[in-house]
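Thanks, everyone. I'll keep this brief. Have a look at the structure first.

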Amino acid sequence: MRNTPVTWPRAELSGSASTVRRRFALRMGGNEIALSRGELLMGRSRSCQVIVDDMLVSRHHARLLVSHNALFVEDLGSTNGVIVNEAPIAGPTPLADGDRVIVGTQEMVIRAVDDGVETLPPPSPRATQTTPKAQPSVQLAAIKPTSPEIPAMRAMPAAHPGLEGADTTQRTEKADGLATMARMADRMITMGRHDAAARLLGDHLKGLLTKARQGRPVPKDALDTAGLYGLKLTEVTRDATWANIAVELHLIARRPLPEKAVALLELVLPKVEGVDRQLILALKAALRDAADGLARDEWALVERILRIHIR
């Protein structure tokens, strides 16, 4: 772990005081598990208290700190990070009722319920320096998938210290960051949360364009993903910004948009104001010049782009 428990924000109130006591839970796919107080690990490893079966989740992906009235989450240097309310987190982050947390491709909703008032005794000097330790014996209710698309999320007691080497879970996929965010954006688009999908992907798309403008190469997989999702976002949000980024990226790379992106460009061009016609004309000219150096399977895409009518 990157931090020791002492680095967590203090969730307990100091001094003798009355405070609202809360119960916290994670909800996913209509199922819910209660969170016991303490420090709980979340990931694919059997040593975690909250196990999420998803290949984009690291073995020890994140940890939760549950106190009598507060809940925090911290990323543990995972491959794909932790998203809270459509924004990647950096450091321990407080969670409130209704907050949405994404690990891998799984989205969870935080539930916080007031559970009366309790009076806290004055803390000892040592108590003000520490937070509750993890509870290896904690038992959390199992969460089963509600559809084939949602892997199971289950909770287990921590494994015996000597059995960690027996963990047989597969290694986490080294997924490209943009591809991971694109999967999450697809889920948000399906749920009708179009602006949230744009916020999630926007900085990634803009970052790729900055990189391309600086003359730095953009891998073909990232280029294709940016092309497709730039047009997807424009289709659902009616914001031409994302289509223009997709087209300019391919203009700089002198490569055609992927097939599905071309189809979406044909669809949004007559319907969405602000799509830059000059960029499309420049892309056409660049593809004509670069056609001889393109792969054979790209020629049909070039011809289709050249046939797009610009008014």
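**A240 and its surroundings**

Start with A240. Leaving out residues up to four places away in sequence, A240 touches T234, V272, E273, G274 and V275. Keep in mind that this is a predicted model. Take G274 from that list. A240 and G274 sit 34 residues apart in sequence, yet their C-alpha atoms are 5.4 Å apart in space. Is A240 buried or exposed? Its relative accessibility is 6%, under the 20% cut-off, so A240 counts as buried.

Now the element around it. A240 lies in helix α4. Helix α4 covers residues 240-253, and it packs against helix α2, residues 194-213. The angle is about 30°, and the axes are 10 Å apart. Angles under 35 degrees count as roughly parallel, so α2 is roughly parallel to α4. The crossing of α2 past α4 is left-handed.

Which residues make that contact? On the α2 side, they are A198, G202, L205, K206, L208, L209, A212 and R213. On the α4 side, they are W242, I245, E248, L249 and I252. By class, the contact of α2 with α4 has nine nonpolar residues, three charged and one polar.

One more site, and then I'm done. E74 is in strand β6, residues 71-75. With a relative accessibility of 1%, E74 counts as buried, because buried means under 20%. What joins the side chains of E74 and R63? A polar contact of 2.8 Å.

That's the tour. Over to you.

Conventions: Residues numbered from 1 in each chain as written. Predicted model: local features only at pLDDT ≥ 70, side-chain atom pairs only at ≥ 80, totals over all residues. Heavy atoms only, no water. Axes fitted to C-alpha atoms, helices over the stretch in contact; angles between N-to-C directions. Helix = DSSP H or I, 4+ residues; strand = E, 2+ residues; numbered from the N terminus. Parallel < 35°, antiparallel > 145°, perpendicular 65-115°, else oblique. Left-handed = near helix turned anticlockwise from the far one by under 90°. Contact = heavy atoms within 4.5 Å. Nonpolar A, V, L, I, M, F, W, Y, C, P; charged D, E, K, R; others polar. Buried < 20%, exposed > 50% of the residue type's maximum accessible area, 1.4 Å probe, protein only. Polar contact = N/O pair within 3.5 Å; in protein donor to acceptor, adjacent residues only side chain to side chain.
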